[in-house]
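Subject: Structure for you to look at

Hi there,

Here is the structure I promised to pass on. Please open it alongside this email, and I'll walk you through what turned up.

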Amino acid sequence: MELIEYLLTTDLRMAAPILIAALGLLIMEKSGVVNIGCEGMMLFGTFTGVFFARLFGSPWIGILFSGMTGMVAGTLFAYIVVTLRANQIVTGIALNIIALGATSTLNRVIFGVSSQAARAPGFEPVPVPLLSKIPVIGNALFNQMGPVYLALLLVPLIRWFLLKTTIGLRIRAVGEHPHSADTAGISVTAVRYGSIIGGSFLVGAAGGFLSLGILSLFSENMVSGRGYIALAVVIFGGWKSWGILFAALVFGLGDAVQIKMQTSGSVIPYQFLMMVPYLLTILALSGIVGKSEAPAASGKPFRSDEL
Amino acid sequence: MNRRTTTLIVQCVSIGVAFLLGGIVIKLIGVSPLFAYRALLDGAFGSRNAIGETLVKMTPLILTGLSYAFAARAGLINIGAEGQLYMGGILATVAGTGFAGLPMILHVPLALTAGFLGGALWGAVVGYLKVRFSANEIITTVMLNYIALFLVSYLVTGPMKAPTGNMPESSPILESARLVRIIPGTRLHLGFFLAIAALIFYYHFMFRMRQGYELRVVGSNMESARAAGMQPKRTMMMAMFLAGGMGGLAGAVEILGIQGRLLQAFSPGYGFDGIAVALVGLNHPVGIPVGALLFGFLRAGGNRMQLLAQVPVSVIYIVQGLVITFVIIGQNLRLFEKVRVRSLMEKIGRAEAPVREAQ
């Protein structure tokens, strides 16, 4: 029982940054943009989150700046891939490399080269009265940090946004069939810019939660692949909000179990457990476990004068 | 001015702009950019040892650059050179630590072949998933990178861990399987010539052989390839096999020539740098070594720059990222010109054959 409670609590907390980033990516992907640079955007967010949380003494202000940093990076990314129609994958890789270099450099220049990592005021768990007293699941679901609740709220919210609102419909039209959307008078460029910048806010904020909610410090390259996991989560979740929540929990559970296994020792090497999410993503992409279908115009630059 | 000259000029200007912006970053840190860049040059070319190190860093970069280029010419985006490199490293270590007593003339080729096959099979998995299940190769290569990384981590802490010692590393590669150092006082090893040979193979395959021609046709226009009776699926499989093999060779030369044993995370991102190398080198057999030289020089000189000018070595990543960014911006600005010319043609009302751009 204690183990289940521990796993559930850790799972949700580890899953939250991946979930937030994946929901941000979902908005971009629905408009036909693949952002491999998610890793770098998150990394920018982890740094500015810690920097501004220290400056203002509040993790909420920190995470707000994380999101805004994401938007700045997103605007540049959008300019290169939408306006200049450059290859989205290579641009994303460049973004990742720049983010790694920039955050590591800033860390050394601002916080010094000492081995002491830059600490920041982090998020504290906020128990929901009464509900948090429910045995086993109470602590896991109702004694979490603020952004975790928000992340869970975002799931139905983004689903509603993409499926029921006009803007959501436009985003999907642009991602599925940009030429029809263009003919119908929708500006493909504007919609893609909006999706990328809006989604990037969430991706940056996800980085902020990683540094302020889980470790309360910044360390170099601390995203360590979670941005790529978020990409995988979108695919494994079948480009659907609830699917993404499920996928994020599965991936987060891998993290939670792995921490437990490394400390307690186990028959199965933890590395194999770590491989499972990646294998599942490949299988999902290949249609071996449930066919996962990407938006039709995924990754393709758009020009109105060409069919 | 013909297209090739324009491309070259744009390419050089893009790289120049990236270094200029990198200089501004260095200035902001409070160091003179000229001093920092001189230290960088000194660290990469200032002595025999420095030049040796630059060539040592170039070696895997040429091979991972070829890995990206082989796939790119077939219209595939291979982000998986990093994973292919690790798989090549694993198999090269298996072959290089076993077979004691084998003469060097057999053992080295055996270990290299094993490395090639390790990467090639990893690449072939991607090709298979692509042609059989139409699984996007960008994502599968990213996923396979992580799987390979965890596999190495498991092997060096488990089955392949050296029986003596507590470090997560394999037993040392046998002397008979090591790549010989060719210049005394440097770490430059035979692998460098292997990389050059791979470049020549790439040139010969792409531009002198039928299979290479078909590969390029599949990459630039799938429909006409099919119409001409070529088999795009088989061609894509072959492209990923060769691309993976190049990545695998990069891992093999790094293990057999430099590391001397399998280690956790032994690559400082050579696989990802390969993408940049191919991009700067325009997937061209002459361009790729130039790209590898550029990034090898940054890697080799970075430490000296940190030591002499107190510029954090991470600034190198910023410069690298900026180079990639401006090179793609440069390449796409060129697209604009064509669009303008084309819409002009349409306005005049002349029938103009559609311009094909490789995207």
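To start with chain B: which residues are buried in helix 1 of chain B? They are B:Thr7, B:Gln11, B:Ser14, B:Ile15, B:Ala18, B:Phe19, B:Gly22, B:Gly23 and B:Ile26. Please keep in mind that this is a predicted model.

Helix 1 of chain B covers residues 3-29, so to speak 27 residues, and reaches 39 Å from its first C-alpha to its last, close to the 39 Å expected at 1.5 Å a residue. Just after this helix, B:Gly30 takes a positive phi of about 105°.

Further along chain B, helix 8 (residues 210-220) has B:Gly212, B:Glu214, B:Leu215, B:Val217 and B:Val218 as its buried residues. Their cover includes helix 3 (48-73), helix 7 (191-208), helix 9 (222-227) and helix 10 (232-259) of chain B.

Now to chain A, and how its helices pack. Two packed helices are described by the angle between their axes and the distance between the axes.

Helix 1 (residues 2-30) and helix 6 (residues 146-164) of chain A pack at an angle of about 20°, with their axes 9 Å apart. An angle under 35 degrees counts as roughly parallel, and these two helices of chain A are therefore roughly parallel to each other. Their crossing is left-handed. On the helix 1 side of chain A, the residues that meet helix 6 include A:Leu12, A:Ala16, A:Leu19 and A:Lys30; among their partners in helix 6 of chain A are A:Val148, A:Ala151, A:Ile158 and A:Leu162. By class, this contact has 14 nonpolar, no polar and one charged residues.

Helix 6 of chain A also packs with helix 7 (residues 166-176) of chain A, here at an angle of about 75° and with the axes 5 Å apart. That makes helix 6 of chain A roughly perpendicular to helix 7 of chain A. A:Phe161, A:Leu162, A:Leu163 and A:Lys164 in helix 6 meet A:Thr166, A:Ile167, A:Gly168, A:Leu169, A:Ile171 and A:Arg172 in helix 7. The residues of this contact divide into six nonpolar, two polar and two charged.

Is A:Gln88 buried or exposed? At 3% relative accessibility, A:Gln88 counts as buried. Leaving aside residues up to four places away in sequence, A:Gln88 touches A:Gly32, A:Val33, A:Val34, A:Phe77, A:Val81, A:Gly299 and A:Lys300.

Best wishes

Definitions and conventions
Residues are numbered from 1 along each chain as its sequence is written. Chains are lettered from A and ligands numbered from 1 in the order in which they are written. This is a predicted model: local features need pLDDT of at least 70, side-chain atom pairs count only at pLDDT 80 or more; totals for chains, interfaces and linings use all residues. Side-chain values use heavy atoms; hydrogens and water are left out. Helices (H or I, at least four residues) and strands (E, at least two) are DSSP runs, numbered from the N terminus. The expected span of a helix is 1.5 Å times one less than its number of residues. Buried means under 20% relative accessible area, exposed over 50%, partly exposed in between (1.4 Å probe, protein chains only). Contact means heavy atoms within 4.5 Å. Axes are lines fitted to C-alpha atoms, for helices over the stretch in contact, and angles run from 0 to 180 degrees between N-to-C directions. Angles under 35 degrees count as roughly parallel, over 145 as roughly antiparallel, 65 to 115 as roughly perpendicular and the rest as oblique. A crossing is left-handed if the near helix is turned anticlockwise from the far one by less than a right angle, and right-handed if clockwise. Ala, Val, Leu, Ile, Met, Phe, Trp, Tyr, Cys and Pro count as nonpolar, Asp, Glu, Lys and Arg as charged, and the others, Gly among them, as polar.
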